[in-house]
Amino acid sequence: MPHRLSVVVQTPAHSAIAGPLTYGHTAALPPGSLVRVPLGTRETLGVVWDGTPEESTFEIRPLSAALDGLPPLNAAWRGLVQFAALYYQRAVGEVALAALPPQLRELGAAQLTRRLKRPSGAVDANAADTTHSVALSEEQICAIAEFESQKGPFLLFGSTGSGKTEVYLQLVQSLLARDPTAQALVMVPEINLTPQLEARFRERFEPRFGAAAVVSMHSGMTAPQRLKSWLAAHGGTARIVLGTRMAVFASMPRLKLIVVDEEHDPSYKQQEGARYSARDLAVYRSQLETRLSTDTEPCRVLLGSATPSLESWHHSRPAAEGGRYVRLAMPSRIGAGTLPKVRLVDMGLQQKKTVFSPQLLAAIQQRIARGEQSMVFLNRRGYAPVLACGSCEWKSECPHCSAYRVFHKIDRSLRCHHCGYAEPVPRACPTCGNPDIAPVGRGTERLEEHLAELLAPLRRPDGGPVVVARIDADSTKAKGALEAQLAEVHTGAVDVLVGTQMIAKGHDFRRITLVAAIQPDGALFSSDFRAPERLFALLMQAGGRAGRDAAQSAASEMWVQTEHPQHPLFAALRQHDYPAFAASQLEERRIAGMPPFSFQALVRAEARTQEAAQAFLTLASAAACDVPDVDRVTLYPAVPMGVQRVANIERAQMLVESPSRQALQRFLLAWQAVLRATRSQPEAKGLIRWAIDVDPLGI
């Protein structure tokens, strides 16, 4: 008699098929086994899941094949996927299959067998046992000692330049010295930060464990590269996995350490599909790995940042006040270097349309004369955010989105940064024929051009012309472009670096002594309650690029050009006082009942018309009166999203809020059936899709 197995497969979001399906096989397979199964008219990858299949009156279809060459995905991995699916309100099969490398989902049993026969680059048992002895600061030593003596979770609150990366290296080194088979996961928020971190880890650990011991996982890799890294981690060959948010789901059977660098970064929150927070899942995974492990050593998690998220900061308050994290502090820079002095320029006192104040321009010129580097930060790419006609009301609106197309001078194009629609710049105004259409506002491309013109008369100490370079998403599209541009900065070939937030965090620029922030005021009065937190973090991170060489730190400066120099945010920035800023923000949120003192979810709807999108949400809200825990949640009215239309799709959202995380979760789980039923209502005709975003970062 064939054995019945529960198998999770990839199913459409919010479909009626949300749980495991039942298949038959000639032998029992352990949970976590990878199989190929028929689904409709096609064959797909599935994972054998926990639990006994339910009795069914339908014919049970047999498995197509079992992928016997791979060990089963362990209980901790399955538990992580199960939790993520439940908490973020998605189907377990959707999360499980999305967590596996794309190429694995495409390979059949025979193809996988051939793939596994390839040389794996196993760890070299005869590699030199080199021990790196690095002189650590007293703060680093104390942080490491406290980490080793407690179970955590831990928040490493370390100033920019305090040596957080070296702490990560030391913790991994100590772990592998105790247990050479253990594994460590080190996460970074963005792909562009992975290569330099990978270089440091390879330099430290390849001599001892071989070239296969360190692998990367991020979306910039090719499908074969991602599969190779995943197989190395799943098989235990890889000792250290470096990756972006997707790496939180890496199958690592011997995981004992998780590091989340720059834990405050919004990039850790997935913005499509299952909208999970990789940072929060990392904390949960460490607890799950510890609970299910047979080893005595726990799996520890360390969150690191110079500007922690307010949620993590709140969790790291003293245990007597309800804190759940252990806070480790490293407030000093390595080598007794000081943080840059913050100078505020009141742009209200400058001449109209001034881009660089005379004071800031003079400071940049002084750096050039001394052979030092400057960095100018503006978080807006392109040449100008909009092109406009001076005679009529025409502006470069996107025909498919409720947003303007950005003017890119380098290729004379108007490009929408939401849907990607682009076309050449018109020779004249499409409405009135006026040939005098002009850019309004500034992006990094225009800033680079303007600064190059201002500095053209100057010469470097060696007599050469001043070099102004730009690093943003547009200038680094080509493969290897980012690495080449960063190398030029590190060698001193660039005098002034202009860029977006890509250059504001994580990079160790040793020659930069001046950082300038241009037009940062937009976030000060935003409707998004998280905007001040993000601005403060970004400015602190950007300022941290200056003066990283202790010999030059005393002369390092951060310049901020603002219309509101008296704003409390800048007062805290001048003192580099994150705790004071965090305390004031948390008090404001406590009074307003905002996270972390309440819990939120957004229901987003996309439809052909705005009326249909809002009607769907309004109907679902009205039908929630009988849903469990509805009396403990607040459902706000449906409203258009900030960017209402993208690619001709209208978007609306509804905020759901509760003082209890458990009540919110129970309500959302029960409300799913109401949402599915509401979709078929005549008023919601034209609805394309809907999604729930738990713990949203943008409202």
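The residues that line the second largest pocket divide into twelve nonpolar, 14 polar and twelve charged, where Ala, Val, Leu, Ile, Met, Phe, Trp, Tyr, Cys and Pro count as nonpolar, Asp, Glu, Lys and Arg as charged, and the others, Gly among them, as polar. The volume of this pocket is about 870 Å³, a volume being the space filled by probe spheres set on grid points that are joined across faces, edges and corners. Of the 38 lining residues, Thr-165, Arg-200, Gly-506, Asp-508 and Arg-548 are the closest to the centre of the pocket. Two or more residues of the lining come from each of the elements α6 (164-178), α7 (194-209) and α13 (481-491). A pocket is defined on a 1 Å grid over the protein atoms alone as an open set of points where a 1.4 Å probe fits, with protein on both sides within 12 Å along at least five of seven lines, and lining residues have an atom within 4 Å of a point.

The model is predicted, and local features need pLDDT of at least 70, while side-chain atom pairs count only at pLDDT 80 or more and totals for chains, interfaces and linings use all residues. Residues are numbered from 1 along each chain as its sequence is written, and side-chain values use heavy atoms, with hydrogens and water left out.

Strand β22 (residues 512-517) is largely enclosed by the rest of the structure, because six of its six residues are buried, that is, under 20% relative accessible area, with exposed meaning over 50% and partly exposed in between (1.4 Å probe, protein chains only). Helices (H or I, at least four residues) and strands (E, at least two) are DSSP runs, numbered from the N terminus, and two strands pair if DSSP finds at least two bridges between them. Strand β14 (residues 373-377) runs parallel to β22 and is joined to it by five bridges, with Phe-377 having Ala-517 of β22 as its bridge partner. Strand β23 (residues 557-562) is likewise parallel to β22, through four bridges, and here Leu-514 stands opposite Glu-557.

Arg-367, in helix α11 (residues 358-369), is buried with a relative accessible area of 2%. Leaving aside residues up to four places away in sequence, Arg-367 touches, among others, Gln-373, Leu-514 and Glu-557, contact meaning heavy atoms within 4.5 Å.

Helix α9 (residues 278-292) has 15 residues and reaches 20 Å from its first C-alpha to its last, close to the 21 Å expected at 1.5 Å a residue, the expected span being 1.5 Å times one less than the number of residues. The buried residues of α9, including Arg-279, Leu-281 and Glu-289, pack against α1 (75-87), β7 (183-187), β10 (255-261), β11 (300-305) and α10 (310-315).

Some backbone features can be considered together. Most residues other than glycine have a negative phi, and most peptide bonds are trans. Another cis peptide bond, with omega about 10 degrees, joins Pro-595 and Pro-596. Asp-629 has a positive phi near 70 degrees and is buried, at 17% relative accessible area, whereas Asn-648, with a positive phi of about 65 degrees, counts as partly exposed at 40% relative accessibility.
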